[in-house]
Amino acid sequence: MIAKLLIANRGEIALRIARACRELGIRTVAVHSTEDRDSAVVRYADEAVQIGPASAKRSYLNIPSIVEAALATGAQAVHPGYGFLSEDPDFAEVVRDNGLIFVGPPAEVIAQLGDKTAARGLMTEADIPMLPGSVDPLRSAEEALGVADWIGYPVIIKAASGGGGRGMSVVWEADEFSLAYEETRATAQSLFGDNRVFVERYLPTARHVEVQVLADCHGNVVHLGERDCSVQRRHQKLIEESPAPELPAELTARMSEAAVRGAHAVGFVGAGTFEFLVTPEGDFAFMEVNTRIQVEHPVTEMVTGVDLVQEQLRVAAGEPLRLQQSDIMLRGAAIECRINVEDPDRGFVPTPGILTEFEPAGGPFVRVDTHGFTGYKVPASYDSLLAKLVVWAPTRSEAVARMDRALKEFRVNGQGIRTTAEFLREVLADPLFAVGQPSTAVVDFVLRRREEKTSREPPTPARTEPREQLKRRTELNETPGG
């Protein structure tokens, strides 16, 4: 087993990895920017190394600084977490070229699956269903328009190197196509340094369902069931659950078999996720493969009892999988809500600041993965994810009720701080979600109802305060509303 590991990440996932390591007896090294010097993982890890300023490009994306920190502290392995460098084949290669273990697939596999067009070609060869579209990158707007006309509108233009919900444009009519094509190429170049794009059919009300796999370097692959991640805003997931509700067992079995087949086809090693779209007609089609631990991995852990991060570490150390497919049983239902420090009333704009109150929800079968604490300064420099609230219950309806209770209990306050907790409760109450029919359109329905409700309400009268209360505020130098 690995003796010492460097965590090349921050936030809740860095703390999650550090906890898994402590249970396995692995010493940890946290790297951090100047902005994160007082973060939870810095306090928790055995050692901490500052690798740069707040700018992610100069800290969490700085490969030489991270590798140097690993070598200087005597770490044997590097866990990339998710985001940042987790799916960067160059990072994986540099780590291994320096004699360190990269906790993830081989660099060649990351490169193949990170290129969306290459991945589509590989999965087509593995006989996995695809949405109609182009397999190879498109060379011109005219060629792309020809593909769009062939498959029919709406279509989605995707960056070949994209991911994380970025670098995508939905086009509803042919007249809009050329402009969207050029804008997507420019965005792809800016975000990923690669302007290649491809086109496929867009399904406005599809369900986003993914299958978790684990694979070792001895040729063993298992799946751990599926997760429904359909509740999204602008391709960013907000709520995930396992198992996917109201899907036929025959369909989820075929998806799981396809994921295992795909993992074998590319020589996958580690924890990975095969993402699919489930069509309104009840079939499925491949989207992409994520080659790292997912944000939503806790819901799979809750229904299987398998610690995915610990299994990642064992596989990275060269151990064969301890699990056979028959060992993996799914029990009950789990739901995860992402509590982001954002204001839903202002277009989900981030609201960084100091947490003057941070009281996570509790109770039976409630799990909170977070790096927050009272007094923590939520930085403006990074992702707005503050906590993942996860619940388990014997049935989905009980899990929904438990999640609603837990969201109501979760208290986060601070000057200017807003979170998505109350908005998520509205999503849970949406009729489609409640009956187990979530889709990528649910959040749009909730937002539309909010707008309609606001337009019907009379203007809010100006706030007034009794003269004595106002006088007291002035004497205490308080800020009204603060």
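Biologist: What makes β10 and β11 a hairpin, and which residue in the turn has a positive phi?

Modeller: This is a predicted model, to begin with. β10 and β11 form a hairpin with 2 residues between them. In that turn R234 has a positive phi of about 50 degrees.

Biologist: How do you know that β10 and β11 pair, and in which sense do they run?

Modeller: Two strands pair if DSSP finds at least two bridges between them. Here 4 bridges join β10 to β11, residues 236-242, and the strands run antiparallel. One example is D228, whose bridge partner in β11 is E241.

Biologist: What does β10 form with β9, and how many residues lie between them?

Modeller: A hairpin, with 5 residues between β9 and β10. G219 sits in the turn, with a positive phi of about 90 degrees. β9, residues 207-215, pairs with β10 in the antiparallel sense over 6 bridges. V213 stands opposite H223 in β10.

Biologist: Is P320 buried, exposed or partly exposed, and how do you know?

Modeller: Its relative accessible area is 47%. Buried means under 20% and exposed means over 50%. P320 therefore counts as partly exposed.

Biologist: Where is P320, and what does P320 touch?

Modeller: P320 is in the loop between α11 (308-316) and β14. Not counting residues up to four places away in sequence, P320 touches D216 and H218. P320 and G219 are 101 residues apart in sequence, yet 8.8 Å apart in space, C-alpha to C-alpha.

Biologist: On to α8. How does its reach compare with the expected span?

Modeller: α8 covers residues 177-192, 16 residues in number. From its first C-alpha to its last it reaches 22 Å, close to the 22 Å expected at 1.5 Å a residue.

Biologist: Which residues of α8 are buried, and how do you know that they line one face?

Modeller: The buried residues are F177, A180, Y181, T184 and A188. Seen down the axis of α8, they fall within an arc of 105 degrees, so they line one face of the helix. The face turned away from the buried side carries the exposed residues L179 and S190.

Biologist: What do the buried residues of α8 pack against, and what follows the helix?

Modeller: They pack against α7 (141-151), β6 (155-163), β7 (166-171) and β8 (197-201). G193 follows α8, with a positive phi near 65 degrees.

Biologist: Why is β6 described as largely enclosed, and how do its partners run?

Modeller: 7 of the 9 residues of β6 are buried, so β6 is largely enclosed by the rest of the structure. β6 pairs with β7 in the antiparallel sense over 5 bridges. V155 has V171 as its bridge partner in β7. β6 and β8 also pair antiparallel over 5 bridges. There, I156 stands opposite E200 in β8.

Biologist: What makes β3 and β5 edge strands?

Modeller: An open sheet is formed by 5 strands in the order β3-β2-β1-β4-β5, with parallel pairing. β3 (47-52) and β5 (101-102) each pair on one side only, and they are the edge strands. Within this sheet, β1 (residues 4-7) and β2 (residues 27-33) pair over 4 bridges. L6 stands opposite V29 in β2.

Biologist: Finally, why is the protein called as compact as a globular protein of its length?

Modeller: The secondary structure comes to 16 helices and 22 strands. The radius of gyration is 23 Å, close to the 23 Å that the globule rule gives for 482 residues, so the protein is as compact as a globular protein of that length. Of the 482 residues, 54% count as buried.

Methods
Residues are numbered from 1 along each chain as its sequence is written. This is a predicted model: local features need pLDDT of at least 70, side-chain atom pairs count only at pLDDT 80 or more; totals for chains, interfaces and linings use all residues. Side-chain values use heavy atoms; hydrogens and water are left out. The expected span of a helix is 1.5 Å times one less than its number of residues. Buried means under 20% relative accessible area, exposed over 50%, partly exposed in between (1.4 Å probe, protein chains only). The arc is that of the directions from the helix axis to the C-beta atoms. Contact means heavy atoms within 4.5 Å. The radius of gyration is taken over C-alpha atoms; the globule rule is 2.2 Å times the number of residues to the power 0.38.
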